[in-house]
Amino acid sequence: MHPGLTRVRALLSRVGNPQRAFGVVLVGGTNGKGSTAAVLAAMLQADGRRTALFTSPHLTRFNERFRVNGQELPESEVAAALARLRPHAEATDATFFEIVTALGALLFAEAGAEVAVMEVGLGGRLDSTNALDPVLSVITNVGLDHTAVLGDTVEAIATEKAGILRSGLPAVTGVVGGLLPILRATGAGVWALGEELHPQTRSLGWRGAEVDLELPAGSVAFQTPLLGTHGARNAALAAAAALRLGVSPAAVQQGAAAATWPGRLEVLPWRGGRILLDGAHNPDGARALAAALVDLQVRPLPLIFGVAEDKAVAEVVRALRPHASRVILTRAVLSPRAAHPDTLAPHFAEVPVTLTDSPQEALAVLEAYSAPLALVCGSLYLIGEVRPLLLGHSGEGRERWQ
């Protein structure tokens, strides 16, 4: 990881600046970037625009990162474009994420995308996606994560994330309170939740939520299948962004109803019961998950948990522990960053704990409990290894850092 825009700009230039062929929306924030981006892309598509979606990290397959009109681009197509890009990447000494960003731009231009919704990788100001010029930017929220890179205060992190905003151009955000002036200081036309944006939500339980959103230019009502208060909030941000881009209210409703986001409060059937998957890997994400469990009236349940070793484990566990009847600790075997289960065990001192060496072993332990509902959460890399096991799919099988 080498933050900066010089290399990615040089790489894009060498392949003809494909990012200029379509409009760009940047979606940043500490949590909720992916779901907000996915819902916004679905709304744009419902409005009749050929829409690309760039997200990271992928769960199971690398080509999940590149979608056009809701469909992953074929692996063969991605590989062929990557082969063309490779000599230019080597010549510019580009990093992994810089290469992936340029690859997305190249693929989307060749696919004839009219607009690309690009999820920011890390921070904002120096993230590779910020080499693209957005017509609108979204910042979902600001919390403490990746502090070694972005700074150890929310003010410092907000400043980094505000780097994706552009003076005189529209933006929407869920950032509130004392951090909002940091965003407004960029000169962007920011609409913020609680100020210009007023969503009212009603939980539909496991079916999602109803959202009534008031904006300066009117209002829109829609339903979203995203679970939890934070899911409804992310859908509201996507709707505000879509309306500022000229999407019709009918397309907002259609896109919101159709959008899904795998691995984030996703329910899958398994062995006659259900498993809830969620990539809650930082304190804010864990608190949002805990609040969703309360909203869904979920009693304490078996938990499979694993997380990267650089995360704030104590705070994450503090939010989740009251909702766990027992804990199965494991790790994403393909992620060198994964914390070893025995280092996580002390955080669950008051709950029965079982240590396992792999997701397969963790699921075997879970099966013996015959629980009607269980939770798997923590690292997205863990979710990416568990999910294909539940679906009967093959995994990627490659070591991964990002």
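Modeller: Helices H13 and H14 cross in a right-handed way. Keep in mind that this is a predicted model.

Biologist: At what angle do the axes of H13 and H14 cross?

Modeller: Roughly 60°. H13 covers residues 359-369 and H14 covers residues 380-391, and their axes come within 10 Å. That angle makes H13 oblique to H14.

Biologist: Which residues in H13 and H14 meet?

Modeller: From H13, Pro-359, Gln-360 and Leu-363. From H14, Leu-382, Glu-385, Val-386, Leu-389 and Leu-390. By class, this contact of H13 with H14 has six nonpolar residues, one polar and one charged.

Biologist: How do H10 and H11 pack, and at what angle?

Modeller: At about 5°, with the axes 8 Å apart. H10 is residues 283-295 and H11 is residues 313-320. Angles under 35 degrees count as roughly parallel, so H10 and H11 are roughly parallel to each other.

Biologist: Which residues make that contact of H10 and H11?

Modeller: H10 brings Pro-283, Ala-286, Arg-287, Leu-289 and Ala-290. H11 brings Glu-315, Val-316, Ala-319 and Leu-320. The contact of H10 with H11 splits into seven nonpolar and two charged residues, with no polar ones.

Biologist: And H2 with H8, what is the crossing angle there?

Modeller: Roughly 45°, with the axes coming within 8 Å. H2 runs over residues 33-46 and H8 over residues 228-244. So H2 is oblique to H8. H2 passes H8 in a right-handed crossing.

Biologist: Which residues of H2 and H8 meet?

Modeller: In H2, Ser-35, Thr-36, Val-39, Leu-40 and Met-43. In H8, Asn-234, Ala-235, Leu-237, Ala-238, Ala-239, Ala-241 and Ala-242. The contact of H2 with H8 counts nine nonpolar residues, three polar and no charged.

Biologist: Which strands does H8 lie across?

Modeller: S6, S7 and S8. H8 runs at about 170° to S7, which is residues 170-173.

Biologist: On to sheets. What is the strand order in the sheet of eight strands?

Modeller: S4-S3-S2-S5-S1-S6-S7-S8. The sheet is open, with mixed pairing.

Biologist: Which strands stand at the edges there?

Modeller: S4 (71-72) and S8 (189-192). Each has a single partner strand, so one side of each is left without a neighbour in the sheet.

Biologist: How many bridges join S1 to S5?

Modeller: Five, and the two strands run parallel. S1 is residues 23-28.

Biologist: How many bridges join S9 to S10?

Modeller: Six, with the strands running antiparallel. S10 is residues 209-215. Arg-202 has Glu-210 in S10 as its bridge partner.

Biologist: Change of topic. How many salt bridges does the count come to?

Modeller: The count comes to 15 salt bridges. One of them joins the side chains of Glu-160 and Arg-125, at 3.1 Å from N to O.

Biologist: Where do Glu-160 and Arg-125 sit in the chain?

Modeller: Glu-160 is in helix H6 (residues 154-161). Arg-125 is in the loop between S5 (115-119) and S6 (136-139).

Biologist: Where is Asp-93 found?

Modeller: In the loop between H3 (75-92) and H4 (96-110).

How values were computed:
Residues numbered from 1 in each chain as written. Predicted model: local features only at pLDDT ≥ 70, side-chain atom pairs only at ≥ 80, totals over all residues. Heavy atoms only, no water. Axes fitted to C-alpha atoms, helices over the stretch in contact; angles between N-to-C directions. Helix = DSSP H or I, 4+ residues; strand = E, 2+ residues; numbered from the N terminus. Parallel < 35°, antiparallel > 145°, perpendicular 65-115°, else oblique. Left-handed = near helix turned anticlockwise from the far one by under 90°. Contact = heavy atoms within 4.5 Å. Nonpolar A, V, L, I, M, F, W, Y, C, P; charged D, E, K, R; others polar. Pairing = 2+ DSSP bridges. Salt bridge = Lys/Arg side-chain N within 4 Å of Asp/Glu carboxyl O.
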